[in-house]
Structure formats: C-alpha cells, structure tokens
Amino acid sequence: MTYTISVNVMPLKDLLDPQGKAVLNGLGNLGLKGVSDVRIGKRITLQIDAESEEAARALAEEAAKKLLANPVMEYFEIG
C-alpha cells in the first residue's frame, strides 16, 4: 500500500532564522501588527510503499535523520 507521509523541518528554536526575521520585518512594513515571531521551515511530502503506516512512518523518520534534516541546525516532525 502507498502512504503519504509529511516531514516538517524547522530551524532549532535557539538559532537565528534570517528568513523568518525578514518576513517579520516585511509584515511590519506592510502595517500588519501583532505578529511577534516568524520561523520559516520546509515541508517534505513522501509517497512511501510499505506494508503498514507504522513502517512508512519509520522509513520517513530514517530519511529525515539521514538526509532531510540537519540535526545541528534543524529538528523534524513526522506528520
């Protein structure tokens, strides 16, 4: 069976996010107030052929650990 698994990769909370800061400043310049922080990440969608959803999620987690996320700068969540 084919499963669609999403991997969300975000910068670590303690690291600067230059893209997020640029977007935050842009929102302020557009007069959109009330946003206190912006973090920019990436969402990766995988189509995985596996025998179960658990097996598909395990493969997605392995892919995230080995390739999709840089653990020095990013964390990931399997969705």
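This is a predicted model: local features need pLDDT of at least 70, side-chain atom pairs count only at pLDDT 80 or more; totals for chains, interfaces and linings use all residues.
1. Residues are numbered from 1 along each chain as its sequence is written, and side-chain values use heavy atoms, with hydrogens and water left out.

2. The protein holds two helices and three strands, arranged along the sequence as β-α-β-α-β. Helices (H or I, at least four residues) and strands (E, at least two) are DSSP runs, numbered from the N terminus.

3. The three strands form an open sheet of order 2-1-3 with antiparallel pairing; two strands pair if DSSP finds at least two bridges between them. Strand 2 (42–49) and strand 3 (74–78) are at the edges with a single partner strand each, so one side of each has no neighbour in the sheet.

4. Strand 1 (residues 2–11) pairs with strand 2 over eight bridges in the antiparallel sense. Tyr3 has Ile48 of strand 2 as its bridge partner.

5. The radius of gyration, taken over C-alpha atoms, is 16 Å. A compact globule of 79 residues would have a value near 12 Å, by the rule of 2.2 Å times the number of residues to the power 0.38. The C-alpha atoms fill a box of roughly 50 × 25 × 15 Å along the principal axes.
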